[in-house]
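Here is a short briefing on one protein chain. Look over the sequence and the model, then read the points below.

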Amino acid sequence: MNQITSITDNIYWIGVNDRETELFEALWPLPKGVAYNSYLIDGEKVAIVDTVKNSYINSYLRNIKGVIGDRPIDYLIINHMEPDHSGSIKAIKNEYPNIKIVGNKKTLNFVEGFYGIKDGFHEVKDGDILDLGGRQLKFYLTPMVHWPETMMTYDQQDKVLFSGDAFGGFGNLDGGIFDDELNIEFYEDEISRYFTNIVGKYGPMVLRAISKLEEVDIQTICSAHGPIWRSNPQYIIDKYVKWSNQEAEDGVVIAYGSMYSNTEKMVEATARQLAKEGIKNIRVYNVSKTHMSYIINDVWRYKGLILASCTYNTGVFPLMDNLLRFLENKKIKNKTLGLIGSYSWSGESRDRLKDFAAQINCEPVHPIIEMKCAPTEKEFDDCAILAKKVAEGIKE
Ligand code: FEO
């Protein structure tokens, strides 16, 4: 039995699950794997929408032939060129030499750049329609969701939106592929971790794309990753709007770097005081142990952020620096921010933390703590004041 699944009478999921890759983009852990969703539209003419990572080409071709047998494919529509989706373009072109590759100007430029393919293109512009014979596809250019060429494809007959990375998430599709076949709670953190780590930087562009689609009657969302949203597509649209606006919940993340527990002692004292102030969601992360993708996800989720770091070789602790760079790059904003630095003979950790606050345009609460060697009662008292101020800040 093959794994082909009908989405509507003429639209099929032909994607694959990746349970092998450790790090998505060689950066982001995949404890629950990731699905590369591809779709086949079987009209008078046959089209496929996006491909899959090239290491899955055999399963992918099997899925395609499971639907159309030895019939040819007329069009390969490329919504997004990142190689987790475009990786099989060359193999598809070899298998179906007469296929027309459909994309906008930037897409086709990437197709040549990545795969050396120079012809057999069908270029589309924003709002263009492709007729598959009784079934029309409309293209919406949605740049920077998540690369400059990204676009979405809308099947006007079945009211299905093929959205590329947008509305996607990490996690394999283990049997069920539709939102109503799955326990979405199982996927929720992986969907938000996908958003915050991969797409979140481009929140304003996501909002622009959603606004552009406002008038479109979307019955089903077929993202390039994660569940297919057919029973309640508004659920994932609302989540993406909330996350793109960086609307956060009550709670505080404390991320710390500490070599010999002296900085950590202040973190413990601060966390305890936050609890006394009535904060129930307190997430304490050691940057040496927890992968930054999980920390970034919770930083996105909660209003409060406290960063505590020792100094290392006249700079901030390197793994803290890594986290700060990613948070700066992702344009994190609207945080109630507390800073705790520590040092033994030179105090650069606090300087870097203050620089981070400036980079994200956030005035930290006072005191900005700087501890020498090991905390004394004075530092613990300052931690209590800091926790109180952060708690007040997130309740405002
Ligand atoms: Fe799933 Fe931006 O690639």
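Which residues make a nonpolar surface patch of about 360 Å²? The residues are M259, Y260 and Y312. The model is predicted. The points below cover this patch, an annotated domain, the cysteines and a group of strands.

**Surface patch**
- M259, Y260 and Y312 together form the nonpolar patch of about 360 Å².
- Y260 sits in the loop that links β17 (249-257) to α8 (262-276).
- The relative accessible area of Y260 is 71%. Y260 therefore counts as exposed, since the cut-off for that class is over 50%.

**Annotated domain**
- An unreviewed UniProt entry places the feature "domain: Flavodoxin-like" at residues 252-391.
- Over residues 252-391, the chain is 46% helix and 25% strand.
- The end C-alpha atoms of that stretch are 8 Å apart.

**Cysteines**
- A disulfide is a covalent bond between the sulfur atoms of two cysteines.
- How many disulfides does the model have? The count comes to 0, with a cut-off of 2.5 Å between cysteine sulfur atoms.
- C362 is in no disulfide. The nearest cysteine sulfur belongs to C383 and is 18 Å away.
- Is C362 buried or exposed? C362 is buried, because its relative accessible area is 12% and the cut-off for buried is under 20%.
- For C373, the closest cysteine sulfur is that of C310. The two sulfurs are 12 Å apart, so they are too far for a bond.
- C373 has 42% relative accessibility and therefore counts as partly exposed.

- β8 covers residues 46-49. V46 and I48 point one way from this strand. A47 and V49 point the other way.
- V46, A47, I48 and V49 are all buried.
- Strand β7 (residues 39-42) pairs with β8 in the antiparallel sense, over 4 bridges.
- β7 and β8 form a hairpin, with 3 residues between them.
- Which residue of β8 is the bridge partner of L40? The partner is I48.
- β8 also pairs with strand β9 (residues 75-77), in the parallel sense and over 3 bridges.
- Within β9, I77 is the bridge partner of V49.

Methods:
Residues are numbered from 1 along each chain as its sequence is written. This is a predicted model: local features need pLDDT of at least 70, side-chain atom pairs count only at pLDDT 80 or more; totals for chains, interfaces and linings use all residues. Side-chain values use heavy atoms; hydrogens and water are left out. Patches are made of residues with over 30% relative accessible area and no salt bridge: like charges are joined within 9 Å, nonpolar side chains (Val, Leu, Ile, Met, Phe, Trp, Tyr) within 5 Å. Accessible areas come from the Shrake-Rupley method with a 1.4 Å probe; for residues, only the protein chains shown count as cover. A salt bridge is a side-chain nitrogen of Lys or Arg within 4 Å of a carboxyl oxygen of Asp or Glu. Helices (H or I, at least four residues) and strands (E, at least two) are DSSP runs, numbered from the N terminus. Buried means under 20% relative accessible area, exposed over 50%, partly exposed in between (1.4 Å probe, protein chains only). UniProt positions are given in the numbering used here, feature names are shortened, and annotations may be inferred rather than shown by experiment. Two strands pair if DSSP finds at least two bridges between them.
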